[in-house]
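Please walk through the structure below, one part after another. The text that follows takes up its chains in turn.

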Amino acid sequence: MNNVLQIVWLIPFLPLLGFLINGLGRKQLSKTLAGVIGSGVILGSFIISLWVFFNVKSGNTHVAHYFNFIDVASLKIGFDFQIDQLSSIFLLIITGVGFLIHVYSTAYMHDEEGKDFAKYFAYLNLFVFSMLLLVMGANYVIMFIGWEGVGLCSYLLIGFWFKNTNYNNAAKKAFVMNRIGDLGFLLAIFWLITKLGTADYHTAFANISKLSTTDIVGITLLLFVGATGKSAQIPLYTWLPDAMAGPTPVSALIHAATMVTAGIYMIARSNIFYSADAAEITRTIISIIGLATALLAASIALKQNDIKKVLAYSTVSQLGFMFLALGCGNYTAAVFHVMTHAFFKALLFLGSGSVIHAMGGEQDITKMGGLKKYMRITQFTFLMGCLAIAGCPPFSGFFSKDAILLSAFEHNKVLWILAVFAAMMTTYYMFRLYFLTFNGKFRGTHDQEHHLHESPLTMTVPLMILALLAVIGGFVGVPHLLGGHNEIATFLQPVIPIHESANPVSSGTEYGLMIGTTVAMFIAGLFAYLQNRNFVAKENTGLGKVLENKWYVDELYEAIIVKPIESLASFFNNVMEKKGIDGFVNGVGKAVNYGSRQVRLLQSGHVGSYVLLMVIGILILFIVQLFLK
Amino acid sequence: MEIKYYIGLAVALFCIGIIGVLTRRNAIIIFMCIEVMLNAVNLLLVAFSKMHAVEAIGKSNPSVVSDAQVFVFFIMVVAAAEVAVGLAIIVMMYRNVHSVDVNFLNRLKN
């Protein structure tokens, strides 16, 4: 069992190899081969991750040190991998869900040209490599390498169909907003290294007593700023809905299951910092921002008509829930929700991809309807996903969402009420999406109707596997109340100490909360059914219009941030660059030109003037010699 | 007489010589002005030699008495040689362009 630790480096290396092969050989490889290589390396990583997981489960955690990445004076930052409970769970999620999405992509992207197809798989593999580096790093610097890498791949993949300018703008927006968060992350790393001399998790967490209160608050806040950028919280969330410009499997992998959960991973990993008494204010900020994001995104999703945009806002909202859990101190619940969310959100995205594929590229749900009878498997798995995200027992979403709501209740009743409201909105918009897509009469064109078909096996099998996981995935976290052992919490305990709430509630209250929220979900679902059974398209007015236009946040950012920066940039360009610097440099040239024209006149060819100049020269020499020395 | 009068005369002669070289058009006149410059220098040398001789005899250092005066002879020799060569050039020039006007020599212009 122990020799798996010798090959943990293969876990990120295999996808890197896949990237190199597919990337460099993209013009030569056939589509089948590119797909097989791309998916095969992820399968290899998954198998090794499974082995690692079982190893870790029997208690074998390990830090694998490879070489000193940075070795300057007293600062040694090694290229180390940390194999422990938290990273092994994330490894399984990334490689497992990643593999399913790779297989799905071979069918979804098969209309692309050979070299674009291979390029796609190269980018996807590079992304998985970076994400694995992120979760496997044993210090913040390696995590940052992976962090930047996933940001880059997100840009590359969102702008995959680069011939469309709107997609390019969406990719740029994602990258720039990520970078703003990265600045916070970098500052936190610098602060940590200044104060403790190390960025290593192990050493830093052990030496937490050396940090003053300001240090802890500063570092945790800055790390959280990094997380807001990557995990799309207020105010850096607007890139995620625009990122739906990328291919649907990309949205499933990057913007649902893995990249956006990097922020939660970072905070869960740093839970020692966040649990410190000094970090009280940061936790409050995190829970408030998480809750606000959950509410805001859920409200916007209520009125969106693009199937992928609804899911995108749903992701932002669910991430808000996870941050709410982190802010209330229940890191395990957040990680649990990451896992279940990966299952059902990837399922929902892939299902929507299947629908889009069948509709020949149409993404507007007002033009769909009644797809139930054409796409049985897609419809059924999508329904499983909707039930999971709504938190219907005994699906996975129920257990994870309930854990979050419970810790919110224990922390602050107001937070709990708003969180339940957000959860009800979640149920409503998901079922609105489901009913508008699959029930009722078909509202599209005749050509689209003829084209409707169930997707091929390579697309439906991942859907089925993910649906199964979405259904049973919650059983690793059944709370004690319902007779379970909460295995996930005990598993993660060495990394994340079990959350002991400051004011625990009695089991009666806990039952009451559970039943109460489930009933609320049913009511919301029923409401969604009744409202959207017979859909009639009509204009949105008042609040509906505001929601449809995303609370005009993009326009607000445009006015407050983008326009001033653009005018500043054009000022710099026109005044300083063109007139100032160019003027100066050209001016030097002009001056030299003028001077040389004047000096040329000395060469008149007139011998007499040469003699005069000679005399003048001698005179000057005399003066210098006699008077100036 | 005081040395300053000799210096003044020599300087005046030298300046007259220079201005003559710069402004006159006739090559032979230019040569004459060059001779004037050389003679001004000779005058200065002789004057200084006499000035130092007065002091040197007082300090019983007879070797420096007539150094500069001997040097004057060298200058005169050089002047003579230079005039010979220069007049030869002027004769060649006259044979080619039939004029002794130096402004004619602006062939360097093109």
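Of the 110 residues in chain B, 8% count as buried. The model is a predicted one, and the values given here are computed from it. In secondary structure, chain B has three helices and zero strands. Read from the N terminus, its elements follow the order α-α-α. Among the contacts in chain B that link residues at least 6 apart in sequence, 51% join residues at least 24 apart.

Chain A can be taken up through its domains. It is divided into domain 1, residues 279–536, and domain 2, residues 558–628. Between the C-alpha centres of these two domains of chain A the distance is 70 Å.

Helix H24 of chain A covers residues 553–600. This helix has 48 residues, and its first and last C-alpha are 66 Å apart, close to the 70 Å expected at 1.5 Å a residue. At Glu577(A), H24(A) bends by about 40°. How many of the 48 residues of H24(A) are buried? The number is zero, so the helix lies largely in the open.

The loop between helix H23 (543–548) and H24 of chain A contains Tyr552(A). This residue has a positive phi of about 55°, although it is not a glycine. Most residues other than glycine have a negative phi. Is Tyr552(A) buried or exposed? It is exposed, because 12 other C-beta atoms lie within 10 Å, and a residue with 12 or fewer is classed that way.

A positive phi also occurs at Ala232(A), where the value is near 55°. Ala232(A) is found in the loop between H8 and H9 of chain A. Ala232(A) counts as buried, because it has 31 C-beta neighbours inside 10 Å; the cut-off for a buried residue is 20 or more.

The loop between helix H8 (213–230) and helix H9 (239–242) of chain A also holds Pro235(A). The peptide bond joining Ile234(A) and Pro235(A) is cis, with omega about 0°. Most peptide bonds are trans. Another cis peptide bond joins Pro393(A) and Pro394(A), and there omega is about -5°. Pro394(A) lies in the loop between helix H16 (376–390) and helix H17 (396–411) of chain A.

Strands come next. In chain A, strand S1 (residues 62–72) and strand S2 (residues 75–83) pair in the antiparallel sense over eight bridges. Within this pairing, His65(A) stands opposite Asp80(A) in S2(A). The hairpin of S1(A) and S2(A) has two residues between the strands, and Ala73(A) takes a positive phi near 50° in this hairpin.

What remains is the nonpolar core. In soluble globular proteins, nonpolar side chains tend to be buried together. The largest nonpolar core here has 200 residues. Which residues have the most contacts inside it? They are Leu324(A), Ala346(A) and Ala470(A). Leaving aside residues up to four places away in sequence, Leu324(A) touches Ser287(A), Gly290(A), Leu291(A), Ala294(A), Ile404(A), Ala408(A), Leu415(A) and Ala419(A).

Key: Residues numbered from 1 in each chain as written. Chains lettered and ligands numbered in written order. Predicted model: local features only at pLDDT ≥ 70, side-chain atom pairs only at ≥ 80, totals over all residues. Helix = DSSP H or I, 4+ residues; strand = E, 2+ residues; numbered from the N terminus. Expected span 1.5 Å × (residues − 1). Bend = angle between axes of the 7 residues up to and from the residue. Pairing = 2+ DSSP bridges. Domains from an automatic or database assignment. Core = buried A, V, L, I, M, F, W, Y, C linked by C-beta atoms within 7 Å. Contact = placed C-beta atoms within 7 Å.
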